[in-house]
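Keep the viewer open as you read.

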Amino acid sequence: MAFMGLIGCGNLGSAMLSRWVANGADPELIKVVDNHPERIRQLNFRPSALDELSGVDILVLAVKPWNIQGVLSQIKLDPETIVVSMAAGVNIAKLNKMLSEPHPICRVMPNIGVKLGMGVLAIAFNELAGSSHKKSVKEILEPLGTTIELKEKDFNAVTALAGSGPAFASLILESFVMGGIAGGLSYDISRKLAFETMQGTLELLKSGVDFDELRFLVSSPAGTTIAGLEVLESQGIRGSIIQSIKIASQRASELGVESDKVE
Ligand SMILES: NC(=O)c1ccc[n+]([C@@H]2O[C@H](COP(=O)([O-])OP(=O)(O)OC[C@H]3O[C@@H](n4cnc5c(N)ncnc54)[C@H](OP(=O)(O)O)[C@@H]3O)[C@@H](O)[C@H]2O)c1
């Protein structure tokens, strides 16, 4: 593993650190800086100072977007150090401007699943990032979930689908639970059935069964499923979900523009 620095040990930073430790990372190879050293000690790491990060191969920024400029202005990095930013809405061009000299850069858009090592992480690199930089970044992101390299122009859609998606999916799943309760089942039974049903559906779809194939498979003539599907379609569930992702993507774009104004 590369020698790395992590700035920010809050929600995301501490989740990443825990995953790295769980995956057997050598704590001696990770220098962690945060305004709250107790957060670092809780994870059995020794808090470092910003000037201890100057020799790192990878610098991971897990601070809020408006703190990035401040931390970068206090470190003298080696030109070969790759700067990995987790900050939502801060694009590579803006990161480049905040650095005193050109660096390989990786922008990451992670989602909440990283806490369990089941996140989705969209990544984009600048032109200075070579294959060895990319390899070492992918290596450190691997314990956090699935990494997918994309063009930056797709990040707003990723933010909506994978970033906000867990909240949308949770609302849909909760509605299944409420439906079971409305049908007379207890909360516990409903929850268990809803989770197992979703899990089984997901596995079938992942195994290659098509979306419509699955619907026709469980829709018997004049049966229960087609009656329920008719309600969902007539209430416009597809349109609502598509619209919610579209609007979240637009909002991500607006927030990116707003963060550009914060100098
Ligand atoms: N949380 C998520 O699920 C998630 C998902 C996608 C992207 N992100 C991005 O990840 C970044 C971190 O988010 P977060 O939710 O983990 O934030 P957070 O919980 O606020 O953690 C950031 C930590 O960095 C510390 N910090 C700020 N400035 C510092 C400095 N100059 N030196 C040392 N430490 C400093 C903060 O201390 P103070 O509290 O004193 O400021 C805080 O402990 C953000 O840019 C966010 O856009 C987060």
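What follows goes from the whole chain to its parts.

First, a bit of housekeeping. This is a predicted model, where local features need pLDDT of at least 70 and side-chain atom pairs count only at pLDDT 80 or more, while totals for chains, interfaces and linings use all residues. Residues are numbered from 1 along each chain as its sequence is written.

Zoom out to begin with. The protein chain has 11 helices and seven strands; helices (H or I, at least four residues) and strands (E, at least two) are DSSP runs, numbered from the N terminus. Along the principal axes, the C-alpha atoms fill a box of roughly 70 × 35 × 30 Å.

How much of the chain is buried? Of its 263 residues, 29% count as buried. Here buried means that 20 or more other C-beta atoms lie within 10 Å of the residue's own, exposed means 12 or fewer, and partly exposed is in between, with C-beta atoms placed from the backbone.

Now for the core. The largest nonpolar core has 50 residues, and Leu6, Ile58, Leu61, Ala62 and Val84 have the most contacts inside it. Such a core is a set of buried Ala, Val, Leu, Ile, Met, Phe, Trp, Tyr and Cys residues joined through C-beta atoms within 7 Å. Take Ala62: leaving aside neighbours within four places in sequence, Ala62 is in contact with Leu6, Ile7, Gly8, Gly10, Leu12, Gly13, Met16 and Met86. A contact means C-beta atoms, placed from the backbone, within 7 Å.

Helix H6 (residues 155–163) is another story. Seven of the nine residues of H6 are buried, so this helix is largely enclosed by the rest of the structure. Those buried residues include Phe155, Val158 and Ala162.

Next, the ligand. Of the 23 residues around it, Gly8, Gly10, Leu12, Ala87 and Ala88 come nearest. Helix H1 (11–22) and helix H3 (65–72) are the elements that give two or more residues to this shell, and H3 provides the largest share, four residues.

Finally, two backbone spots. Most residues other than glycine have a negative phi. Asn44, though not a glycine, has a positive phi of about 65°, and is found in the loop between helix H2 (37–41) and E3. Asn44 counts as exposed because it has 9 C-beta neighbours inside 10 Å. Ala222, also not a glycine, has a positive phi of about 55°. Look for Ala222 in the loop between helix H9 (211–218) and helix H10 (224–234). With 7 C-beta neighbours inside 10 Å, Ala222 counts as exposed.

Methods. A residue is near a molecule or strand if its C-beta atom, placed from the backbone, lies within 6 Å of it. Two residues are in contact if their C-beta atoms, placed from the backbone, lie within 7 Å.
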